[in-house]
Amino acid sequence: MRSFLPLGVLLAALSAGAAERVLDFSDAPLDKSPPGFRSALAGQGAPGDWRVILDEVPPLLAPLTAKAPVVTKRPVLAQLSRDRTDERFPLLVFEEETFGDFTLTTRFKLVAGEVEQMAGIAFRLQDERNFYVIRASGLGRNVRFYKVVNGERSAPIGPQLDLPTNVWHELKIECKGNQIRCWLNGREAIPTLGDNSFSSGKIAFWTKSDSVSYFADTRIVYTPREPLAQ
């Protein structure tokens, strides 16, 4: 059973009491911040400039025929502000649900940035000063996990990896209890982490400084706080 919500947000009943949200922005107005989200800022500087724009995105599934288009132009989420403030972390928080245990997949593209070229997902977010984040850096050539508590960032955890710009990458994050796992482009990027700081919270798109970054095809499979209606 599937019911469609505004903004291309899909809520579906899955097996074992799980549910699914798909954030595809197909019904959002172009050149505006999508409804159902809240712009927030961790750190200093100007707020982010979050808009839905059109961009070429390869299909999730392989084309059925050789004549099928390799990419299609469709709505994606973009952070377009180029404020160069160093300790600046624009967030776009999904306000319609709080998530405890979940598996999230999204695609991101690092488009531009002189100070930074980063994109990531903040999760189990309590507010702008308390959350987890996993982000990828094109200039730093790495993937990192951080915990932010009362505005203080933990030591980074994660490997060095090449991340070319203007290419779509897939990020997958899984939270079960106090266990956190991460994959990049289908490969485990960070060993399983354990932390008890936050048991649930919001999910947000995340960037840093002057990073211009795009997001698409975000899917969240999660355990609802209340059982889904039959």
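In this predicted model, a polar atom of the Asn130 side chain lies 2.8 Å from the backbone nitrogen of Asn150. Asn130 belongs to strand E10, which covers residues 130–137. At 11% relative accessibility, Asn130 falls under the 20% limit and therefore counts as buried. The points below set this residue in its surroundings, then turn to the sheet, the nonpolar cores and the protein overall.

**Surroundings of Asn130**

- Once neighbours within four places in sequence are set aside, Asn130 is in contact with Arg124, Leu125, Val148, Val149, Asn150 and Phe198.
- Asn130 and Glu152 are separated by 22 residues in sequence, while their C-alpha atoms are 8.5 Å apart in space.

**The open sheet**

- Strand E10 is part of an open sheet of 7 strands, whose order is E4-E7-E16-E9-E10-E11-E12.
- The pairing within this sheet is antiparallel.
- Strand E4 (37–43) and strand E12 (152–153) are the edge strands, each of them pairing on one side only.
- In general, the strands of a sheet pair through backbone hydrogen bonds, in either a parallel or an antiparallel manner.
- Strand E12 pairs with strand E11 (residues 142–149) in the antiparallel sense, over 2 bridges.
- Opposite Arg153 of E12 stands Val148, a residue that is also in contact with Asn130.

**Nonpolar cores**

- The largest nonpolar core comprises 39 residues.
- Within that core, the residues with the most contacts are Phe102, Phe108, Phe123, Ile134, Val143 and Phe205.
- The element giving the most to this core is strand E8 (residues 102–112), with 4 residues.
- Another core, of 14 residues, lies apart from the largest one, and its members include Ala42, Ala122, Val133 and Val148.
- In soluble globular proteins, nonpolar side chains tend to be buried together.

**The protein overall**

- The secondary structure amounts to 17 strands and 0 helices.
- The protein has 230 residues, of which 49% count as buried.
- Of the contacts between residues at least 6 apart in sequence, 65% join residues at least 24 apart.

Note on methods:
Residues are numbered from 1 along each chain as its sequence is written. This is a predicted model: local features need pLDDT of at least 70, side-chain atom pairs count only at pLDDT 80 or more; totals for chains, interfaces and linings use all residues. Side-chain values use heavy atoms; hydrogens and water are left out. A nonpolar core is a set of buried Ala, Val, Leu, Ile, Met, Phe, Trp, Tyr and Cys residues joined through side-chain atoms within 4.5 Å. Buried means under 20% relative accessible area, exposed over 50%, partly exposed in between (1.4 Å probe, protein chains only). Two strands pair if DSSP finds at least two bridges between them. Contact means heavy atoms within 4.5 Å. A polar contact is a pair of N or O atoms within 3.5 Å; within protein, one must be able to donate a hydrogen and the other to accept it, and residues adjacent in sequence count only if both atoms are side-chain atoms.
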